[in-house]
Amino acid sequence: MRLLVVEDDPDLNRQLTTALTDAGYVVDRAFDGEEGHHLGDTEPYDAVILDIGLPKMDGISVLEAWRRNGRIMPVLMLTARDRWSDKVQGFDAGADDYVAKPFHLEEVLARLRALLRRAVGHAKSEFECGPVRLDSRTGRVTVTGNPVKLTSHEYRLLAYLMHHNGRVVSRTELVEHLYDQDFDRDSNTIEVFVGRIRKKLGVDIIQTVRGLGYMLAAPD
Ligand code: CA
């Protein structure tokens with residue numbers, strides 16, 4: 001899952017980025033509204049954490065511009081404490097949820113997980129395909145109850161496929177969602193990761209759809 005953090009306070013931006021990276025997300029960061037707007041408008045993020053008070057372009061205007069342009073990724077707004085007008089404006093502009101400052105990082109993470117689940121129509125954090133289970137809260141993967149150790153890249157790839165179970169996911173889509181913007185985007189690496197995941201799981205739930213990408217399917 002690839003996220004964008006738009007927050008001008010450098011300490012807060014760093015804290016958020018660190019917590020999200022530790023939680024297994026890929027994170028891009030912006031420190032003002034213009035930069036944030038540009039990234040959100042051009043890169044395919046799974047969710048955005050957006051501060052309201054930003055230099056160059058405020059968070060509300062950034063969000064309105066995204067929504068006008070048809071960008072529908074879930075957005076979690078960071079609002080000043082007790083500023084109810086911020087919250088109303090935020091929701092009117094198309095925010096999906098908000099957290100008031102000062103906040104606990106755990107709360108941001110929990111709300112973000114809820115947004116990401118809602119965005120793909122899931123009400124829970126556990127995913128299942130055949131004997132494979134993935135718990136996005138704990139980052140644990142098991143096959144018939146036995147834990148499987150995946151690297152963070154492998155885990156993200158499998159988690160993305162689990163989130164989008166039921167449809168074909170192209171290599172390009174995986175590359176765009178699994179790596180930050182500076183990563184060398186070679187779709188051959190995806191094939192290598194998929195190969196490793198198949199080997200580690202020991203069951204073939206990742207089907208290659210020739211010319212299109214990958215799709216999960218429970219073995220017969
Ligand atoms: Ca701010």
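Tutor: Let's go with Asp97, which sits in strand β5. Keep in mind that this is a predicted model, where local features need pLDDT of at least 70, side-chain atom pairs count only at pLDDT 80 or more, and totals for chains, interfaces and linings use all residues. Residues are numbered from 1 along each chain as its sequence is written, and side-chain values use heavy atoms, with hydrogens and water left out.

Strands here are DSSP runs of E, at least two residues long, and helices are runs of H or I, at least four long, both numbered from the N terminus. Asp97's strand belongs to an open sheet of five, in the order β2-β1-β3-β4-β5 with parallel pairing; to pair, two strands need at least two DSSP bridges between them. β2 (26-30) and β5 (97-100) are the edge strands, each pairing on one side only. For β5, the parallel partner is β4 (residues 75-79), over four bridges, and one of the bridge pairs is Thr79 with Ala100.

Helix α5 (residues 105-119) packs on this sheet, touching β1 (2-6), β3 (47-51), β4 and β5. Contact means heavy atoms within 4.5 Å.

Back to Asp97: its relative accessible area is 12%, so it counts as buried (under 20%; exposed is over 50%, partly exposed in between, with a 1.4 Å probe and protein chains only). Beyond its neighbours within four places in sequence, Asp97 contacts Val75, Leu76, Met77, Phe91, Arg111 and Leu115. With Arg111 there is also a side-chain polar contact of 2.8 Å, meaning a pair of N or O atoms within 3.5 Å, where one must be able to donate a hydrogen and the other to accept it, and residues adjacent in sequence count only if both atoms are side-chain atoms.

How values were computed. Axes fitted to C-alpha atoms, helices over the stretch in contact; angles between N-to-C directions.
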